[in-house]
Amino acid sequence: PFDVLIIGGGPAGASAAVYAARKGLRTGLVAERFGGQVMDTAGIENFISIPETDGPKLAAALEAHVRAYDVEIITGQQAKELFPAPQPGGLHGVALESGAILHARTVILATGAHWRHLGVPGEEEYRNKGVAYCPHCDGPFYKGKRVAVAGGGNSGVEAAIDLAGIVAHVTLLQRGSHLKADKVLQDKLRTLSNVTVLTEALTTRIEGNGRNVTGLTYRGGDGADHHVDLEGVFVQIGLLPNTGWLKNTLRLSDFGEIVVNDHGATSVPGVFAAGDATTTPYKQIVIAIGAGATAALSAFDYLIRVPVA
Ligand code: FAD
């Protein structure tokens with residue numbers, strides 16, 4: 001069995017693997033796809049100490065760093081079920097889709113998350129070419145330009161407020177008849193002169209010139225199609241943690257995030273979690289990397305304190 005079995009090969013999982021291996025622990029890592037969301041990212045300018053890189057480059061660097069250590073890496077495999085140890089110090093089991101079951105004294109869950117897509121024509125075609133999902137990441141790329149935010153919940157309104165300070169103009173589209181964000185955010189939004197709020201506005205198409213986004217079409221409350229000229233569309237209709245397979249095994253938040261404490265511990269002794277799959281606020285690479293280190297050090301602490309059952 002492994003001392004530490006990590007599920008996920010994004011920034012959080014990679015960081016946990018390096019920290020665990022450096023403690024001399026027998027470490028395994030299972031990932032559907034090494035690199036995780038980083039593989040879907042174009043420019044990255046907020047990974048501190050590297051002013052500019054791109055997703056595939058950073059993902060390759062993460063993988064090379066993990067491979068520099070004695071870590072057993074299993075890629076192209078999905079974890080299907082977690083069987084928590086019957087008592088602290090016992091062995092946990094993780095079933096893979098292949099049917100194999102891996103055993104480990106500690107498990108670190110780092111399965112990340114994915115953004116909910118609008119599912120409209122143009123969204124896939126122009127991803128990273130005007131269609132964006134992360135205002136902290138991509139906002140500065142739209143300095144002085146016109147953008148839309150699709151989604152009138154907290155994340156959509158936060159994104160609109162954030163972007164309004166950077167871009168020329170923001171159009172916020174909410175499909176329902178009113179915004180769902182907290183009142184304080186709505187009040188703040190209304191003070192901003194370069195934001196237009198459209199309710200009962202269902203985004204139906206993202207348009208471009210083959211290279212970049214040039215506009216979007218929405219169906220209004222009047223039933224008619226309307227067009228907006230712009231350079232960017234931020235989709236803010238939900239970040240979904242990849243935790244469906246963990247339901248009923250450990251404590252999840254109302255949003256499906258793995259509930260962790262400040263040591264990265266979950267509700268199951270010996271099972272830790274890190275990154276976008278957890279309740280840790282702000283889903284960013286540097287934060288996921290820090291959380292991966294925390295989870296691995298907590299796993300080490302558990303292994304030296306809890307006797308083998
Ligand atoms: P992820 O990167 O999501 O990795 C999850 C890992 O788990 C993957 O290896 C996946 O294959 C694996 N996995 C999932 N489920 C299973 C399973 N059941 N079994 C086995 N393996 C599984 N952040 C920034 O800081 N700067 C940016 O510029 C930036 N730009 C972004 C642009 C885009 C388009 C997107 C989508 C995100 C961006 N982010 C950016 C956010 C950043 O990518 C995430 O915060 C970060 O990748 C989270 O790391 P993670 O390791 O928690 O999860």
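Visitor: Which strand does β2 pair with in the parallel sense over five bridges?
Guide: That's strand β5 (residues 71–75). Strands here are DSSP runs of E with at least two residues, helices are runs of H or I with at least four, and both are numbered from the N terminus. Two strands pair if DSSP finds at least two bridges between them. This is a predicted model, with local features needing pLDDT of at least 70, side-chain atom pairs counting only at pLDDT 80 or more, and totals for chains, interfaces and linings using all residues. Residues are numbered from 1 along each chain as its sequence is written, and side-chain values use heavy atoms, leaving out hydrogens and water.

Visitor: What stands opposite Ala 31 in β5?
Guide: Thr 75 does.

Visitor: And how many bridges join β1 and β2?
Guide: Four, and strand β1 (residues 2–7) also runs in the parallel sense with β2. Val 4 has Thr 27 in β2 as its bridge partner.

Visitor: Is β2 buried or exposed?
Guide: Five of the five residues in β2 (residues 27–31) are buried, meaning under 20% relative accessible area with a 1.4 Å probe, protein chains only. In a regular strand, side chains alternate between the two faces of the sheet. For β2, Thr 27, Leu 29 and Ala 31 are on one side, Gly 28 and Val 30 on the other, and both faces are covered.

Visitor: New topic: which residues line the largest cavity?
Guide: Among them are Asp 276, Tyr 282 and Lys 283. A cavity here is a set of points on a 1 Å grid over the protein atoms alone where a 1.4 Å probe fits but cannot get out, and lining residues have an atom within 4 Å of a point.

Key: 1 Å grid on protein atoms, 1.4 Å probe; cavity = no way out; pocket = protein on both sides within 12 Å on 5 of 7 lines; lining within 4 Å. Buried < 20%, exposed > 50% of the residue type's maximum accessible area, 1.4 Å probe, protein only.
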